[in-house]
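Thanks for coming. Please have the sequence and the structure open while I talk.

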Amino acid sequence: MQFLDNVFDKKFSDEVAHELKDIAWKPGNVANRVSWPYGYRGSHLLLGANFFRIIDSNKIIYNQDIELSFKLIDAFNVIADSFNRNISLREISANLQFKEMNGSLHTDGNQNQFAYIYMLANDYLPSDVGGEFYNDTIKESVPFVHGRLIEIQANDLHCGKAFNVSRLGRYSIKFLGEIVNG
């Protein structure tokens with residue numbers, strides 16, 4: 001696991017966070033899915049939004065906000081370069097958490113994939129708000145910093161903690177990339 005700050009200008013991170021406020025957040029992100037084929041059953045629901053996913057070489061945009069989807073696709077190229085990875089984008093999705101909405105331990109993919117978590121907040125952050133990212137595979141936490149990027153192996157067991165302050169939204173955008181052979 002590694003993390004980088006200041007890859008994106010603060011203004012860019014603020015703009016993305018502001019645009020996320022207008023997304024139609026739904027409790028449709030099922031954590032630790034156990035049912036097939038739709039994955040409707042799992043351990044709990046999170047407020048989620050899907051922006052991009054590749055299925056059988058077809059690109060599918062899920063979210064109504066096409067502009068934000070393409071902005072995030074462009075951001076992925078910067079992320080891959082920043083972490084010096086030769087990977088292809090497979091998926092972009094996001095979660096929104098409020099106080100007491102801690103995530104549960106889960107994985108995002110397999111050993112041939114990397115997940116990049118882009119941490120954002122919907123407002124000014126007071127000191128000591130919580131919201132850390134926890135990687136259970138290596139037993140390490142990364143403190144929340146607006147605009148921070150975290151890279152993990154997609155099969156690492158991890159979770160995002162909610163803020164400990166009421167009415168402060170914690171956004172996390174997940175970019176899932178697969179290692180390109182060659």
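Predicted model: local features only at pLDDT ≥ 70, side-chain atom pairs only at ≥ 80, totals over all residues.

Let me start with the inside. The largest nonpolar core has 32 residues. Those with the most contacts inside this core are L20, W25, F51, I92, I173 and F175. Several elements give two or more residues to the core: helix 1 (10–20), strand 3 (44–55), helix 2 (66–82), strand 5 (87–97), strand 6 (113–121) and strand 11 (170–179). Which element provides the largest share? That is helix 2, with seven residues. As general background, nonpolar side chains in soluble globular proteins tend to be buried together.

Take L20 as an example. Setting aside neighbours within four places in sequence, L20 is in contact with W25, F51, L68, L120, Y171 and I173. There is also a second, separate core of 14 residues, and M119, F144, I152 and A154 are among them.

Now to helix 2, where I73 is found. Is I73 buried or exposed? I73 counts as buried, because its relative accessibility is 17% and the cut-off for buried is under 20%. Beyond its neighbours within four places, I73 is in contact with F52, I61, L89 and I92. I73 and I92 are 19 residues apart in sequence, and their C-alpha atoms are 7.9 Å apart.

S93 is in strand 5. At 9% relative accessibility, S93 is buried too. Leaving out residues up to four places away, S93 touches A49, N50, F51, S172, I173 and K174.

Next, the loops. N102 sits in the loop between strand 5 and strand 6, and at 40% relative accessibility N102 counts as partly exposed. What does N102 touch, not counting residues up to four places away in sequence? The list is H44, Q97, G160, K161 and A162. For A162, the backbone nitrogen lies 2.6 Å from a polar atom of the N102 side chain. The C-alpha atoms of N102 and F163 are separated by 8.5 Å, although these residues are 61 apart along the chain.

Another loop, between strand 4 (58–60) and helix 2, holds Y62. Y62 is partly exposed, with a relative accessible area of 39%. Together with I55 and I60, Y62 makes a nonpolar surface patch of about 230 Å².

That leaves the charged pairs. How many salt bridges are there? The count comes to eight. In general, side chains of opposite charge can pair when their charged atoms come close.

I will show three of these pairs. D14 and K10 form a salt bridge, with the closest N and O atoms 2.7 Å apart. Because they are four residues apart in helix 1, about one helical turn separates them. D14 is partly exposed at 30%, and K10 is exposed at 56%.

E19 and K71 meet in a salt bridge at 2.5 Å, N to O. This pair links distant parts of the chain, with E19 in helix 1 and K71 in helix 2, 52 residues apart. K71 counts as partly exposed, at 23% relative accessibility.

The last pair is E91 and R53, at 4.0 Å, N to O. E91 lies in strand 5 and R53 in strand 3, so the pair ties together parts 38 residues apart in sequence. E91 is buried, at 14% relative accessibility, whereas R53 is partly exposed, at 39%. Salt bridges that share partners join R53, E91, D108 and K174 into one network.

Definitions and conventions. Residues numbered from 1 in each chain as written. Heavy atoms only, no water. Core = buried A, V, L, I, M, F, W, Y, C linked by side-chain atoms within 4.5 Å. Buried < 20%, exposed > 50% of the residue type's maximum accessible area, 1.4 Å probe, protein only. Contact = heavy atoms within 4.5 Å. Patch = residues over 30% accessible without salt bridge, like charges linked within 9 Å, V, L, I, M, F, W, Y side chains within 5 Å. Areas by Shrake-Rupley, 256 points an atom, 1.4 Å probe, with all protein chains shown as cover. Salt bridge = Lys/Arg side-chain N within 4 Å of Asp/Glu carboxyl O. Polar contact = N/O pair within 3.5 Å; in protein donor to acceptor, adjacent residues only side chain to side chain.
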